[in-house]
Structures are given as C-alpha cells and as structure tokens.
Amino acid sequence: MENIVRSFGVAVAFLGLVIVACLGTLAIYFSNVPAALRPIAAGIFALMSAGLILSGFRKRKRWAWGAFLVLFAMVLAAWWLLIPPSNRRNWQPDVAVLPWAEVRGDLVTVHNIRNCDYRTETDYTVSHYDRSFDLTKLQSVDLFLVYWGSPSIAHTMLSFGFEDGSHLCFSIETRKEVGEDYSAVKGFFKQFELTYVVADERDLVRLRTNYRTGEDVYLYRFKVSMEFARKVLLDYLREVNSLKDRPQWYRAILTNCTTSILRHTTPFNPDARFDWRLIANGYLDEMLYERGKLDQTLPFAELKKRSLINQRAKAVDKAGDFSRLIRVGLPGMEP
C-alpha cells in the first residue's frame with residue numbers, strides 16, 4: 001500500500017510538472033521576446049524542461065525536478081511576470097480612446113462615451129461624446145449576457161439606467177491592437193491589455209444583436225437598491241480612471257468580464273459567496289435567479305426565454321429610443 005501511495009504521488013507530481021512546463025513554454029512563445037526568437041526560446045525551454053522532468057521520473061533523481069522549478073522561476077517569475085502593460089500601442093479605432101470620469105458629489109461627468117455607427121461588424125465610424133449623470137436619478141441596473149457558442153460561457157455587460165431614459169453601459173474587454181484578433185489561449189499570456197468600454201447601448205448591444213452573427217443577447221433587470229447601484233457605478237468609474245493612468249493586463253481567468261463585475265459588487269454585497277457559475281458564467285443568470293436578484297414572477301426557464309432581445313433589437317435598430325424599446329414588456333421592467 002505504501003508503494004502504491006508513493007507511486008501515485010510521483011505520478012501526480014510528474015503530471016503537475018508537465019503542465020507547468022507547457023505553461024512556461026507557451027508563456028515564452030507569447031512573450032515580448034522578438035518574434036523571430038520566440039519559437040527558439042520556447043523550444044529551448046521545452047527541451048530543457050523535458051530533460052529535467054524525465055530525469056527525475058526515470059532515473060529517480062528528484063533533484064532534477066527541483067532544478068526544473070528553479071529554471072521555471074528564473075525564466076518566468078523573474079522576467080515574464082514583470083512584462084509591463086502599456087497604453088501606448090497602435091490600437092484598433094474602437095478602443096483607441098480611453099474613457100474617464102469626473103465625480104463631483106452626485107454629479108458624474110463621463111468623457112469619451114463611445115457610440116460607433118456600424119455598417120458591418122468590422123466597418124464602422126467611431127464617435128465619442130461626454131455626458132453628465134445625476135446619481136440621485138439612477139433608477140436601474142441591468143445585466144446583458146451574450147452567448148456566442150458554448151452555453152457555459154458568456155460575455156457580461158452592466159448598464160445603469162437614469163430617470164431621463166439614458167443608459168451608461170460597461171463592457172469589460174481586451175484592448176486589441178490593429179490587426180489583432182482575440183484568442184482564448186493568448187488571453188492567459190499577457191497578450192491583451194484590459195479595457196473598460198463605456199458606451200451607448202446603441203453601440204455595445206446593437207453590435208452583438210444586429211451585426212455579429214451567432215450571438216444571442218439576454219437582458220435582465222437586477223433587483224437591488226439604488227444605493228447599492230450607486231456604489232457599484234462609482235467603483236466602476238474609479239477603475240475606468242485608474243486604467244487611464246495605470247494600464248493592466250487582461251487575464252482570462254483572474255481579470256475578465258465576470259470576475260471584474262464580482263470585484264466591483266462584492267464589497268457592497270453581504271450575500272457574496274463563491275459559486276461555480278461565476279466561472280461557468282453562462283449560468284450566471286440561473287445563479288442570480290436562485291439568489292432572488294432577478295424577477296421571480298416567472299419560472300427561470302420562461303424568464304430566460306422572454307429575456308432574449310435579438311429580434312426586438314433588430315426591429316428597432318437605429319431608433320433614438322433604442323434602450324427603451326428593447327426593454328418594453330421584458331420581465332421585471334416597466335411596460
């Protein structure tokens with residue numbers, strides 16, 4: 001029995017080291033090393049790692065595993081972790097201008113609110129505007145869940161509504177450079193800076209309902225106090241201002257659209273607790289429904305069915321009151 005336990009432990013350690021070696025190899029390949037040298041550097045690291053790991057496994061020279069971990073720490077912890085993010089790159093036009101906000105008591109002025117005029121998903125004219133919002137007139141917080149493939153994964157956006165019918169929508173995304181496409185793999189390896197897109201709903205929502213294919217957008221009204229909503233909005237704006245001065249990396253697991261929402265809401269939410277659906281965020285609406293944060297007048301399956309807004313968004317398209325029209329008749333919202 002003792003031998004079985006020891007063998008199992010060795011096998012688990014071996015597998016863990018292999019995973020670490022793969023992550024290290026990918027981190028070097030997706031690093032700021034000159035492009036021509038990346039495959040060579042990654043290959044050298046992979047070969048050295050394989051030699052040390054196999055030596056420790058086959059020849060029982062456990063010191064080799066320690067040597068590999070030292071190599072990993074030297075190459076990555078002492079270098080890769082220190083690769084700095086930047087706000088100075090050749091950005092795509094839709095994320096080239098950063099938003100920022102001025103807060104004076106109950107009056108908030110948000111600068112560079114984006115409102116793209118789309119002809120297609122990739123053909124658009126970018127414009128921005130400034131607008132002031134009275135926090136005493138805040139009356140709603142809504143959640144958008146956007147699905148593009150797996151039902152387990154969704155993109156999340158929050159939108160804050162005011163008495164005058166205006167909405168301030170936030171989408172936490174990767175800030176891509178010209179010619180750069182999003183990659184889930186690259187998202188783990190410091191390939192994208194983090195950005196908070198602050199935009200008109202006719203931009204962020206219509207892009208996903210009217211111009212991208214294969215995306216389903218669901219809209220839910222949060223059942224929260226406006227004092228809570230105010231605190232969350234101000235926390236969002238603090239982060240917006242921080243990113244303008246101090247850029248951050250987008251991290252596919254630790255700093256993404258859903259974990260960031262959690263970070264902004266948890267300090268003000270006494271009911272905050274971990275749930276697996278915070279990772280598999282395609283089921284986030286189900287979790288919120290169970291916690292009483294969404295409309296309870298319908299069974300969840302019916303609520304979700306009625307909350308799909310693609311067709312109504314396409315029907316109203318460029319209407320000036322787009323935000324009002326996509327909400328008419330939705331569960332938990334004013335008629």
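A residue is called buried when its relative accessible area is under 20%. Please keep in mind that this is a predicted model. With that in hand, let us look at one helix and then at the cavities.

**Helix α5**
- Helix α5 covers residues 226-245, which makes 20 residues.
- From first C-alpha to last, α5 reaches 29 Å, close to the 28 Å expected at 1.5 Å a residue.
- The buried residues of α5 include Phe228, Tyr236, Val240 and Leu243; Asp235 and Glu239 are also among them.

**The largest cavity**
- The model has 2 cavities of 30 Å³ or more, and the largest has a volume of about 80 Å³.
- Its lining is made up of Asp94, Val95, Val97, Leu98, Pro99, Asn112, Arg114, His128, Thr195, Tyr196, Val197 and Val198.
- Two elements, β2 (107-114) and β9 (193-199), each give two or more residues to this lining.
- β9 gives the most, with 4 residues.
- By class, the lining of the largest cavity holds 7 nonpolar, 3 polar and 2 charged residues.

**The second largest cavity**
- The second largest cavity has a volume of about 40 Å³.
- Around it you will find Leu98, Pro99, Leu194, Thr195, Tyr196, Val240, Leu243 and Lys244.
- Both β9 and α5 supply at least two residues of this lining.
- The lining of the second largest cavity has 6 nonpolar residues, 1 polar and 1 charged.
- Val240 and Leu243 bring us back to the helix: they line this cavity and are among the buried residues of α5.

Conventions
Residues are numbered from 1 along each chain as its sequence is written. This is a predicted model: local features need pLDDT of at least 70, side-chain atom pairs count only at pLDDT 80 or more; totals for chains, interfaces and linings use all residues. Side-chain values use heavy atoms; hydrogens and water are left out. The expected span of a helix is 1.5 Å times one less than its number of residues. Buried means under 20% relative accessible area, exposed over 50%, partly exposed in between (1.4 Å probe, protein chains only). On a 1 Å grid over the protein atoms alone, a cavity is a set of points where a 1.4 Å probe fits but cannot get out, and a pocket is an open set with protein on both sides within 12 Å along at least five of seven lines; lining residues have an atom within 4 Å of a point. Grid points are joined across faces, edges and corners, and a volume is the space filled by probe spheres set on the points. Ala, Val, Leu, Ile, Met, Phe, Trp, Tyr, Cys and Pro count as nonpolar, Asp, Glu, Lys and Arg as charged, and the others, Gly among them, as polar.
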